[in-house]
Every structure is written in C-alpha cells, then in structure tokens.
Amino acid sequence: AAKIDIDKLKDELKKDIKKTHENGITFAKEEKLKEAIEQWEESIKLNPSNYKAHYNLGIAYLHTGHPGKATAKLRQAVKINPQYQAARIALEKVSQK
C-alpha cells in the first residue's frame, strides 16, 4: 500500500487556499467580480475560517447588487475575527442602508 504523506497534503491545501484567494483579488482588480466571487467561494470551501475571503466576498456581493449575501459574509468575517476592523466598518455601512 502506498504511504500517504499528510504533511505534503496539508502543504498543497495551504497553497490551493492561498492561490484561490489571490486569484480572487486579481480578478477583482480587473473588475471581473463574477470570477472573483467564484475564487473566494472556493477559498472558503477549502478553509471556512478564512475571514479575509469572507470579507472580500461580502464586498464583491455588495458591488454586484446582493446586499443580503454581502451582510451574511461580512457578519461571518466579524464572527471569525472580531478584531477585523475593515469587516466591522463595512458591516456598519451596509446595516445603515
């Protein structure tokens, strides 16, 4: 039987998480929000505690006319990391609308 290298698998997963998150940022900078959203959703599937991906996804949802989804993602970012000021500020702004 082949031996599975758990550490190698963990390293590959970390690289995948980082790559999908960074791809999302690249797409957003190019104003390709649909593609950015897909990348951040994938990043969250790989690492549900990635508060920055939740935040970025929330902002992208805001810009694509989905305030409900945006609020949910921003709340999740704050829940994961209550100290993350950008998400707290964005959430306050969305709540005021």
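Predicted model: local features only at pLDDT ≥ 70, side-chain atom pairs only at ≥ 80, totals over all residues.
Residues are numbered from 1 along each chain as its sequence is written, and side-chain values use heavy atoms, with hydrogens and water left out.

**Two residues up close**
- Thr20 sits in helix H1, residues 6–29, and it counts as buried because its relative accessibility is 10% (buried means under 20% relative accessible area, with a 1.4 Å probe and protein chains only).
- His54 belongs to helix H3, residues 51–63, and it counts as buried because its relative accessibility is 3%.
- Not counting residues up to four places away in sequence, His54 touches Ile44, Pro48, Lys73, Leu74, Gln76, Ala77 and Ile80.

**The whole chain**
- You'll find five helices and zero strands here (DSSP runs numbered from the N terminus: H or I of at least four residues for helices, E of at least two for strands).
- Its C-alpha atoms fill a box of roughly 60 × 30 × 20 Å, taken along the principal axes.
- Of the 97 residues in the chain, 31% are buried.
- Among contacts with a separation of 6 or more, 37% come from residues 24 or more positions apart.

How values were computed: Buried < 20%, exposed > 50% of the residue type's maximum accessible area, 1.4 Å probe, protein only. Contact = heavy atoms within 4.5 Å.
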